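Hello,

Here is the structure for you to look over. My notes on what was found in it follow below.

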Amino acid sequence: MHIRLMKESDYPEVVRIYEQGIKTENATFRTEALPYEEWTQHHHAHSRLVAMEDEQLLGWVALSPFSSIPAYAGVAEISLYIAEEARGKSVGTRLMDDVIQASEAAGIWTLQSQVFPENQASLRLHERFGFREVGRRERIGRLGGRWRDTVLLERRSTQI
């Protein structure tokens with residue numbers, strides 16, 4: 001397995017994997033993927049990575065700015081998704097390690113993530129990389145007709 005920068009031509013596979021996450025109802029509040037043009041406007045170009053094995057895209061990670069206010073320029077939200085067939089094979093570990101390095105090289109000092117409390121695999125992955133729970137956002141959004149909570153996590157860079 002190797003990690004490389006995401007290319008526009010990867011986007012159909014990125015969407016396929018994202019849609020697998022949507023189906024679980026434990027990965028995102030979105031119910032459909034955005035068109036590439038819209039997606040790319042909301043994500044940093046410097047930290048879009050994919051995990052590849054034998055030309056198969058196994059997972060992806062991307063960072064989006066937390067805010068347009070200059071004081072928050074070093075704060076980004078992480079999105080990380082693994083293909084169903086690749087879960088449990090350390091793909092998330094490799095992507096998380098590489099995106100942390102890429103984010104720090106780009107001047108990001110805080111990574112944050114919102115995770116459904118039911119998504120224990122994601123919570124464990126974040127914890128292994130030094131994310132700490134900042135709080136629980138109760139009934140923050142509705143999905144499938146029911147209120148959902150999220151756990152707010154953050155990781156401060158030790159390099160910046």
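S64 counts as buried because its relative accessibility is 14%, and the cut-off for buried is under 20%. This is a predicted model, so please read every value here as computed from predicted coordinates. S64 lies in strand β3. Leaving aside neighbours within four places in sequence, S64 is in contact with H42, H43 and H44, and also with V75, A76 and E77.

The sheet

Strand β3 belongs to an open sheet of 7 strands with mixed pairing, and the order across the sheet is β1-β2-β3-β4-β5-β7-β6. The edge strands, which each pair on one side only, are β1 (2-5) and β6 (132-143). From one strand to the next the twist averages 25°.

Helix α1 (residues 11-24) lies across β3 (56-65) and β4 (75-82), and its direction is at about 80° to β3. Helix α4 (residues 120-128) lies across three strands, namely β4, β5 (110-115) and β7 (146-156). The angle between α4 and β5 is about 165°.

The core

In soluble globular proteins, nonpolar side chains tend to be buried together. Here the largest nonpolar core has 41 residues. Which of them touch the most other members? They are W39, W60, L95 and M96.

For L95, the contacts beyond four places in sequence are I3, L49, V50, A51, G59, W60, V61, L80 and I82. One of these, W60, is also on the list of core residues that touch the most other members.

Empty space

Rolling a probe the size of a water molecule over the atoms shows where empty space is left. How many cavities of 30 Å³ or more does the count give? The count comes to 1 cavity, and about 30 Å³ of space lies in the largest cavity.

The lining of the largest cavity consists of S103, E104, I108, W109, T110, L111, R155 and S157. The elements that give two or more residues to this lining are α3 (91-105) and β5.

Regards

Note on methods. Residues numbered from 1 in each chain as written. Predicted model: local features only at pLDDT ≥ 70, side-chain atom pairs only at ≥ 80, totals over all residues. Heavy atoms only, no water. Pairing = 2+ DSSP bridges. Helix = DSSP H or I, 4+ residues; strand = E, 2+ residues; numbered from the N terminus. Axes fitted to C-alpha atoms, helices over the stretch in contact; angles between N-to-C directions. Contact = heavy atoms within 4.5 Å. Core = buried A, V, L, I, M, F, W, Y, C linked by side-chain atoms within 4.5 Å. Buried < 20%, exposed > 50% of the residue type's maximum accessible area, 1.4 Å probe, protein only. 1 Å grid on protein atoms, 1.4 Å probe; cavity = no way out; pocket = protein on both sides within 12 Å on 5 of 7 lines; lining within 4 Å. Points joined across faces, edges and corners; volume = space filled by probe spheres on them.
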